[in-house]
Amino acid sequence: MSAGSAEVRTQGCLAVSEGTVTALLVSECKAKDWLGYWPRTTCNAWNLSYKLTDPTGAEYKGWMRNNSGRFFDTYSTSTHPCVVGEWTYDQASMHDVPSVVNGLGTGFRKTIEVTDCGE
């Protein structure tokens, strides 16, 4: 998501370990400097909600803790039972790039194939 002189990129992943799945959000924040370059800059991520749908149709909704950084990972506060197959990951979040933009909304829907539950 871009807002003129600020850019936030997000990527959703699933962390699989010992029969459980955890939602993961990777955030990267950039702001255009006075020379026209786009270096990474610190931003704040908040209001991080997600919904996972497993291959059987079961839905898991949750939140992630607020986080900040330039390029950072935020994990959900809950784990969910792992099921092999295609998952749907819906993510909504807000990112602030201090002194540039406040409340830049980001979100996505993606499918992720889980091939092994790590048990």
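Which residues make a nonpolar surface patch of about 470 Å²? They are Trp34, Leu35 and Tyr37. Before going further, please keep in mind that this is a predicted model.

## The nonpolar patch

Tyr37 sits in the loop that runs between strand S2 (20-31) and strand S3 (43-53). Its relative accessible area is 56%, so Tyr37 counts as exposed, the cut-off for that class being over 50%.

Cys29 and Cys43 form a disulfide, with 1.8 Å between their sulfur atoms. Because Cys29 belongs to strand S2 and Cys43 to strand S3, the pair ties together parts that lie 14 residues apart in sequence. Cys29 and Cys43 are both buried.

In total, the count comes to two disulfides. The other pair is Cys82 and Cys117, whose sulfur atoms are 2.1 Å apart. The angle about the S-S bond is -75°, and the link of Cys82 and Cys117 is left-handed. Cys82 is found in the loop between strand S7 (80-81) and strand S8 (85-97), while Cys117 is in the segment after strand S9 (101-114), so this pair ties together parts 35 residues apart in sequence. Cys82 and Cys117 are buried as well.

If you number the bonded cysteines of the chain in sequence order, the pairing reads 1-2, 3-4. Cys13 is in no disulfide: the nearest cysteine sulfur belongs to Cys82 and is 15 Å away. With a relative accessible area of 27%, Cys13 is partly exposed.

Is Asn67 buried or exposed? Asn67 is buried, because its relative accessible area is 15% and the class takes values under 20%. This residue has its place in strand S5 (residues 67-69).

The side chain of Asn67 has polar partners that you can pick out in the structure. A polar atom of that side chain lies 3.1 Å from the backbone oxygen of Asp73. A polar contact of 3.0 Å also joins the side chains of Asn67 and Thr74.

Leaving aside residues up to four places away in sequence, Asn67 touches Cys43, Asn44, Ala45, Phe72, Asp73 and Thr74. One of these neighbours, Cys43, is the disulfide partner of Cys29, which brings us back to the link between strand S2 and strand S3.

Key
Residues numbered from 1 in each chain as written. Predicted model: local features only at pLDDT ≥ 70, side-chain atom pairs only at ≥ 80, totals over all residues. Heavy atoms only, no water. Patch = residues over 30% accessible without salt bridge, like charges linked within 9 Å, V, L, I, M, F, W, Y side chains within 5 Å. Areas by Shrake-Rupley, 256 points an atom, 1.4 Å probe, with all protein chains shown as cover. Salt bridge = Lys/Arg side-chain N within 4 Å of Asp/Glu carboxyl O. Helix = DSSP H or I, 4+ residues; strand = E, 2+ residues; numbered from the N terminus. Buried < 20%, exposed > 50% of the residue type's maximum accessible area, 1.4 Å probe, protein only. Polar contact = N/O pair within 3.5 Å; in protein donor to acceptor, adjacent residues only side chain to side chain. Contact = heavy atoms within 4.5 Å. Disulfide = S-S within 2.5 Å.
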